[in-house]
Amino acid sequence: MSFALPPYAELLGITIERGEGPPILDMPFGSGVLGRPGFVHGGALSGLLEMAAVAALRHALAAEDREGARIKPVNVTVDFMRGGREKVTRAQGKVSRLGNRVANVEAFAWQDDPDRPVAAARMNFLIG
């Protein structure tokens, strides 16, 4: 997979963990993602989830030799399950449907345990 994260991801300090399957993104805790004292801001969590969804979709498109396809988000729904604390937050997306023109992607953010997400998102994308 060879794509760069957008500047917004860099602003949040997001990095990509390389490995098999859809990439896992890491966002360190710091003043740039601070919401109320001791917690990650909901907007930063939403941004991390969006970046994870985009990374998963780019990964899936590359697997189908469609790396140059343009993607456009149509909508996003974010569910906040618990407060993100003062530690690294990770997120990974999963493409649930990849058609010729539309893709549906889910993304989950967690801190200590992937089975205990702090937030989740569902996104739909147009593919051009």
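**Figure 1. D26 and its salt bridge to R90.** In this predicted model, D26 is buried, with a relative accessible area of 13%; buried means under 20% relative accessible area, exposed over 50%, and partly exposed in between (1.4 Å probe, protein chains only). The side chain of D26 meets that of R90 in a salt bridge of 3.2 Å, N to O, a salt bridge being a side-chain nitrogen of Lys or Arg within 4 Å of a carboxyl oxygen of Asp or Glu. Because D26 lies in strand β2 (residues 24-27) and R90 in strand β4, the pair ties together parts that are 64 residues apart in sequence. Helices (H or I, at least four residues) and strands (E, at least two) are DSSP runs, numbered from the N terminus. Residues are numbered from 1 along each chain as its sequence is written. As the model is predicted, local features need pLDDT of at least 70, side-chain atom pairs count only at pLDDT 80 or more, and totals for chains, interfaces and linings use all residues, while side-chain values use heavy atoms, with hydrogens and water left out.

**Figure 2. The salt-bridge network of E17, D26 and R90.** These three residues, E17, D26 and R90, are linked in a network of salt bridges. Within it, the side chains of E17 and R90 meet at 3.1 Å, N to O. This pair links distant parts of the chain, with E17 in strand β1 (residues 15-17) and R90 in strand β4, 73 residues apart. E17 is partly exposed at a relative accessible area of 28%, and R90 is partly exposed at 27%.

**Figure 3. The salt bridge between D112 and K87.** The closest N and O atoms of D112 and K87 are 2.9 Å apart. D112 belongs to the loop between β5 and β6, and K87 to the loop between β3 (71-80) and β4; the pair links distant parts of the chain, 25 residues apart. D112 counts as exposed at 62% relative accessibility, whereas K87 counts as partly exposed at 33%. The structure holds five salt bridges.

Figure 4. T89 is found in strand β4 and is buried, with a relative accessible area of 0%. Leaving aside neighbours within four places in sequence, T89 is in contact (heavy atoms within 4.5 Å) with several residues, including L25, D26, M27, V40, A109 and W110.

Figure 5. Strands β4 (residues 89-98) and β5 (residues 102-110) pair in the antiparallel sense over eight bridges; two strands pair if DSSP finds at least two bridges between them. Three residues separate β4 from β5 in a hairpin, and G93 has A107 of β5 as its bridge partner. Strand β5 also pairs with strand β6 (residues 119-127), in the antiparallel sense over eight bridges. There, A109 stands opposite A119 in β6.

**Figure 6. The protein as a whole, for orientation.** The secondary structure comes to two helices and six strands, in the order α-β-β-α-β-β-β-β from the N terminus on. Along its principal axes, the C-alpha trace spans about 45 × 25 × 25 Å. Of the 128 residues, 38% count as buried. Residues 24 or more positions apart account for 62% of the contacts with a separation of 6 or more.
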